[in-house]
Amino acid sequence: MTPEITLAPPKRKRAPSAPLLLLRDPMTALALGYLILIALVAILGPMFMADLAAKPNFRARNLAPFTLEQGWAFVLGADTLGRSLLARLVVAARTTLGIAVCAVMCSLVLGGLLGLVAGYGRGWLSAAILRVTDIVMSFPSLLLALIVLYSLGPSVLNLVIVLAVTRIPIYLRTTRAEVLEVRQRMFVSAAEALGASDTRIIFRHIAPIVIPTLLTIGAIDFATVVLAESSLSFLGLGVQAPAFTWGSMVATGRGYLANAWWIAFWPGLAILLTTLSLNILSSWWRTYSDPHQRWRLELPRGGRGTKEKRS
Amino acid sequence: MTGARTPLVAVENLTVDFHSGAGSFRAVEGVSFHVDPGETLVILGESGSGKSVSSSAIMGLIDMPPGEIVTGRILYEGRDITHLTEAERAAFNGSKIAMIFQDPLSHLNPVFTIGWQLAEVYTAHGKCDRAEARRRSVEVLRRVGIPDPETRIDWYPHQFSGGQRQRIMIGMAIALDPKVLIADEPTTALDVSVQGQVLELMRKLQREDGLAIIMITHDLEVAASMADRIVVMNQGNIVERGEARQVFARPRHAYTRRLMSALPDHDAKAERPESTAEPILEVRRLTKYYGLPAGAEPRPAMKPAVGDVSFTLRKGQTIGIVGESGSGKSTIARMLLRLTPTTSGEVLFHGEDVLAMDRRRLLAYRRRAQMVFQDPYSSMNPRMSVFRIISEPWIIHPDILPKAKWRDRVAELLGLVGLRPEHADRHPHQFSGGQRQRIAIARALACDPELIVCDEAVSALDVSIQMQVIELLADLRERLGLSYIFITHDLPIVRDFADRVLVMKSGRLVEEQETEALFRRPREDYTRMLVNAAPKPKWEVEPGAARPAERAATERVGG
């Protein structure tokens, strides 16, 4: 039996707006709050803490966290040179997020667009796109990054380009696979029969169905990009000292895990929480953007499990 | 029924709930029925009536949770089987009660031979070893009428036709000589000519083994041809029950009466005079080969999907194109709107060749000719609101309507197809199938078209809804002067609606006639077979005798 959804009674209250729904879900609200905080810190923080983050303080070398004897700035402890970890986290937020967001956005947009073309088109262009993707994928991405960065010279821009290019195939392949499925659905034929142009079909009918998937992948990919960037930095081809990122902080702290765990722990936690928040938010949005699923969010709290005779 | 005898299977006061985050709904409420050896009980109802849930409960196929049997019990020869353990259930299903499903392709595993799958029935129940199982499987295949079973036992499911696959499913179901066969819409996915043969096979097995059959269907004609007793379900409740003949002849409940009135009535109508209006669409020698590169000549061995089809549609006229699956009828629809490239032929719309139009002319054509698709569940973008769906044509053709008037016009169109203006803000999934098809019609009307091509536009709908949608189309034809091309596999549907009928078979036009003449004096055998394919009520046929037409068909086609 196919469960048929009956119409809501005609005098339905208007559905609550998106921000309201989002705030009603505590986990999502928390995730959003954290991301806003991190974004503000990344924008404003370095103005106040750049000096503190670079200043060695030998009395505070390997200072354990949760002590206030060196002042509030050392509440999260200090690294091997006695620099405040809190200040370094704040300063690194800008570089880390800047690089990761740029790289993820670039690969998402480019991969998505190319995937739409490759999936919708039938001609040589889509074949060419796929073959180039195969070539990129068949290279180990770290090796590719090493070669490119070695020949172009390490810089933040090159780093973003390399990270973006190596991640593009994931978005491209996913988009193409979804487009191939969606374009067979009847509503695409229906739009064509109405006289809709290819551009309209791709962007108005197919893209809205593919985008939530891409955002979910992007949120997960964020962590991968941060870690890839840190391993490149570790090899000396990523962010150049004295600049640093969360990833490179983890990489430096790795050697001291036995006696000063906090050096690697705090930046690691920052990466984890950021990725997790992005994930929660993207899955919320995925549900919200699907009219078929939105009711899950619109349920009144505590109203679950009420008996309702279908009529 | 005498109260003293224990029925073979009895369902008593069954109530099933399904729980979900949104609350729970009651799928069936207080349902009781029983079946005796050698008789057929038909559970008749439309989608969502709970008919499948009640039968799944007998087989223990309801997933719990989310399902929950709130009250009631199920008895097999007086023994309560409502709450069997998994092991007891595994031994019970198949050997005592077996089930066949609507779609034989999705219930047969494509990577194993049918012989392997049949033998598994025996070995899984520990009846015999593989060699013996194979011998028995051949016997079963022979019984269900698969020709040359010794060879075909090693074939894979895709090598059989739909009707044969359903025969194999029936074979698997009866392999262990169960006493009860539950058939859930067993012929819905089949062509009419095959449907009769499968039903006859079930009747034959019933006569030979004294099988009790519980048949679930939404099709009134199928129900009438099979039923000894009938139970009519609506929204989870039994609204009427009784001897089949009584229920069909004198329905008591309002719902049953409404259902019965949806049966196309076969009273002869006056033959309509030939229309002499100007032709709106002229199709000449339309041909389509699949897998043929543009410009290449087809080799003589290739079979066209559509070959040399010609017809003329006049203004205000409706042409029905009828054929079974694979007859090329949907390909014609797609070619008429240039959704599929054409191999050769001409489609003249008001004298202009559609196939030679450039982009600009094609856009203008697609405003005047519209299409309504088969499946209202997939023909609308699930992420768009009804308002956006209906107003999309006005974005594509900006000259139809200024934006300020969109709201009013959408409300007007929704009213025209029998929906309410406030439905505009909802999404497609909030509507039933019939309502969705109305939205699809409203979208087609938004362009002010002259011609609407309906490709199986009512096939996915329940019978009573089918008639409503067809009445709506007929009404719009009068009010707006539309012309239709109405494509369907169901010949009786077009009788009241179409002026002319084209019968297609394997890509060829078999017969073209004025509708009433076609029904009264079909010229070709194939058309005659289609006209007579609708199952006849059981009580009008001598009990025990196969119908001559069906017997002949079984012998001729053999599957």
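1. Two strands are taken to pair if DSSP finds at least two bridges between them; helices (H or I, at least four residues) and strands (E, at least two) are DSSP runs, numbered from the N terminus. This is a predicted model, in which local features need pLDDT of at least 70 and side-chain atom pairs count only at pLDDT 80 or more, while totals for chains, interfaces and linings use all residues. Residues are numbered from 1 along each chain as its sequence is written, and chains are lettered from A and ligands numbered from 1 in the order in which they are written.

2. Chain B holds 21 helices and 20 strands.

3. Six strands of chain B form an open sheet with mixed pairing, in the order E6-E7-E8-E3-E9-E10. Strands E6 (97–100) and E10 (237–243) of chain B stand at the edges; each has a single partner strand, so one side of each lacks a neighbour in the sheet.

4. E6(B) pairs with strand E7 (residues 180–184) of chain B in the parallel sense, over four bridges. Within E7(B), B:Ala183 is the bridge partner of B:Ile100. Helix H1 (residues 51–59) of chain B packs on the sheet, touching E3, E6, E7, E8 and E9 of chain B; contact requires C-beta atoms, placed from the backbone, within 7 Å.

Notes:
Two residues are in contact if their C-beta atoms, placed from the backbone, lie within 7 Å. Axes are lines fitted to C-alpha atoms, for helices over the stretch in contact, and angles run from 0 to 180 degrees between N-to-C directions.
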